[in-house]
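Hi everyone, thanks for coming. Let me put the structure up on the screen, and then we'll walk through a pocket and the nonpolar packing.

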Amino acid sequence: MPCGTEGMGGIEGTRGTGGTGDAHRAPRVVSIVGPTASGKTSLGIALAKALEQVDGTPCEIVNADAYQMYRGMDIGTAKPTAAERDAVPHHLIDCMDPRETMSVALFQDMARTCIRELQARGVRPILVGGSGLYARAAIDDISFPPTDPDVRKRLEGDADRIGAEAMFARLAERDPQAAAHMDAHNVRRTVRALEVIELTGKPYSSMLPRYRYVIPAVQIGLDMPREELDARIDARTQQMRDEGFVQEVERMRPVLGPTAARALGYQQIADYLDGLLSEDEAFASIAQHTKRLARKQMGWFGRDPRIHWLTAASEGLTDRAVRIVRHADAGEYDAIDAHADEYVQHHLGQLRTTRLHG
């Protein structure tokens, strides 16, 4: 049965860095990350099968791509095929109506609930795909503070009245640690920080994301030279065209809500359908924007020093991934991961790092 879609906020008994105690008793959650079109789905399926053969623990995949959660958005999101989903059970796919709004906070609840349910059945969850924020939200120390339109409006009024400098001075007095890492001229962020402090009674700095697992996990990243990734993106874009993406957008367009409509490619095809672009121009734009997205993803994931990087599509890829997971299960990375914020970042695309297993 697929995991439920109603969140429960957290996972009891798994909080911590994964360094000691009970963290060693359960297989680690695996998160496969990397730029779009790098082969994450294929590795997830191959790794799930290989790990079960190695230690007998069944593995199932948890989707971390928000757009793949929407029913009917199949071609444009490169959703796993029916055959791929038959090979290994997948969760959090086709679980939302495209009219519904998705947020990272909602995804966090859904993903953590799904992970907990799988672990309760003795199944190892393998997270696959998604943006860096979504992938981290499932397993990392990231909270999403509340917002209040009335409080926000009052603080914005204060900013208009007394100016950015005075508002930043107010923040520096209430949370000097946050102020030390913020731009004094960014009024919008200053207002947000003060709003969070007022609503929670806690420093804004205490709410900032940490590179710290709250669910014992190991991350595997897929990297490849940019020219190879660009060629893959061009091929995927052509495949979308051949499989009928124009017809998919034509069918789905009337029911796309504000979140679903932001999925890359759908606006370009809508512009084609409206006569603003030719079909060739629309698909060329999709490829261009996808390559730009891949660059951003590489930068985002490259900031996380806990990721173990593998060369995508390389010989022995699955075997190397299995070894990484086995080392993680044994707790061999815990001491290093506990100090993740102190590490030098890996610059993706260069394939040079002490933690690149390629």
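The second largest pocket has a volume of about 680 Å³. A pocket here is an open set of points on a 1 Å grid over the protein atoms alone, where a 1.4 Å probe fits, with protein on both sides within 12 Å along at least five of seven lines. Points are joined across faces, edges and corners, and the volume is the space filled by probe spheres set on them.

This is a predicted model: local features need pLDDT of at least 70 and side-chain atom pairs 80 or more, while totals for chains, interfaces and linings use all residues. Numbering runs from 1 along each chain as its sequence is written, and side-chain values use heavy atoms, without hydrogens or water.

So who lines this pocket? There are 21 residues, with Arg189, Tyr204, Met207, Leu208 and Pro209 nearest the centre; lining means having an atom within 4 Å of a point. Helix H8 (187–200) gives the largest share, three residues.

Now the packing. The largest nonpolar core has 42 residues, and Met102, Phe107 and Phe245 touch the most other members. Helix H3 (104–120) gives the most to this core, seven residues. Core members are buried Ala, Val, Leu, Ile, Met, Phe, Trp, Tyr and Cys joined through side-chain atoms within 4.5 Å, buried being under 20% relative accessible area with a 1.4 Å probe, protein chains only.

Finally, a separate second core of 31 residues includes Ile32, Cys59, Ile220 and Ala328.

Technical notes. Helices (H or I, at least four residues) and strands (E, at least two) are DSSP runs, numbered from the N terminus. Buried means under 20% relative accessible area, exposed over 50%, partly exposed in between (1.4 Å probe, protein chains only).
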